[in-house]
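Hi,

My notes on the helix packing and the nonpolar cores follow below.

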Amino acid sequence: MDIIKKRIGIVGGGQLGKFMILEAKRLGFYIAVLDPAADCPASSICDEQIVTGFDDPQGYFELAKKVDVITYEFEHINASALEVLEKEGHVIYPSVASLKTIQNKHSQKKKLSENGVPVPRFAKVSNTEDIKTLGQTDNFGYPMMLKTTTGGYDGKGNMKIRNEEEIESAYKRLGGGKKELMAEEFVNFEKEISVIACRGIDGSRTIYPVAENIHSNSILDMTIVPARINEDAVSKAASIADKVMEVFEGVGTFCIELFVTKDGEIYVNEVAPRPHNSGHYTIDGCFSDQFENHIRAIVGLPFGSVRLISPAVMVNLLGKSNGAARLEGLEKAYLDPNVRVHFYGKRESEIGRKMGHFTVVDETTDGAVEKARKIKDLVRVVGT
């Protein structure tokens, strides 16, 4: 089949799906989306939408009838339905095997550890006594992280335990006894970084510049590229990302989030089998962004250049209040010609919800950071 005549199905019509579609439509692909919200961000630009829940297997089967390849914009979806489709011969990228492994934080870490990828020490816990044992000085000690193995994102499903007295509360709040939990050694990191990497059907791989991430309330606030780390750390991070792509043998764009310690050690925090918020800088900062190369990967096209055109800073625009979404301050932000604002088109603003982002480019990293901080005070999304 002619590559350009392939029809693409995307599970999820949020901002990541929308950005995938923008790149796919530029090349003339037909796009069908599965999303429960009829007015999701992707709804205005896709060719067809199946409006149903992410847990509804019939929706996946209907999507498969309409397309030649299926991909997804986030991992909390019905992997069992996709597995049935894959066994029937439908093409799904990244593979269902990699999705199922990554969906569960424990199996994800286990897979990485078994293949020599550096990760913090971790263990499943069945009760509070298990956590107390891990808290002993000859084990993980305190503080440590308690996590749900599935479903967590943007800090949800994670709790830091500072001492034995906090175990009971953390265990209950995360659903201990009802949900599967794991404990993880706390990494006293100096910086959080991430690497966007892509793998093709033929096994070819390409890796974007290392990004430095700053979080606020466990939600990504700012991404700075190139990351302000030494060359040894850059090389080590890129090497780890390449190894992760080899381990999962996934096709498409992946994000590898990492911790950098003061001693120069680097550990994988999490892997996402899809384009990622921390890779949004590639839209304005690189020749071919993470979404374009994801589409290229899943249809069998060679990768575009991942070269960073200039230092860039991406800042998330989170909802400041609840209600009908309204973007404020655009005119002021655009007085700087090196600023680009991306408003996702979500109708309802919610406090802390990702409603958009802006990117600033400059000749220097410091210059981009300084400008971004100023723009951050000018543009915002509110509910009315």
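H3 and H4 lie roughly antiparallel to each other (the label for angles over 145 degrees). Helix H3 (residues 79-87) packs on helix H4 (residues 96-103) at about 165 degrees, with the axes 10 Å apart; axes are lines fitted to C-alpha atoms over the stretch in contact, and angles run from 0 to 180 degrees between N-to-C directions. Helices are DSSP runs (H or I) of at least four residues, strands (E) of at least two, numbered from the N terminus. The contact (heavy atoms within 4.5 Å) is made by Ala79, Leu82, Glu83 and Glu86 of H3 and Val96, Leu99, Lys100 and Gln103 of H4.

A caveat: this is a predicted model, where local features need pLDDT of at least 70, side-chain atom pairs count only at pLDDT 80 or more, and totals for chains, interfaces and linings use all residues. Residues are numbered from 1 along each chain as its sequence is written, and side-chain values use heavy atoms, leaving out hydrogens and water.

H3 also meets helix H2 (residues 57-66): their axes come within 9 Å and cross at roughly 35 degrees. Pro57, Tyr60, Phe61 and Ala64 in H2 touch Ala81, Leu82, Val84 and Leu85 in H3.

As for the largest nonpolar core, Ile8 and Ile31 touch the most other members among its 36 residues. A core here is a set of buried Ala, Val, Leu, Ile, Met, Phe, Trp, Tyr and Cys residues joined through side-chain atoms within 4.5 Å, buried being under 20% relative accessible area with a 1.4 Å probe, protein chains only. A second, separate core of 27 residues includes Val117 and Ile229.

Cheers

Key. Angles under 35 degrees count as roughly parallel, over 145 as roughly antiparallel, 65 to 115 as roughly perpendicular and the rest as oblique. Buried means under 20% relative accessible area, exposed over 50%, partly exposed in between (1.4 Å probe, protein chains only).
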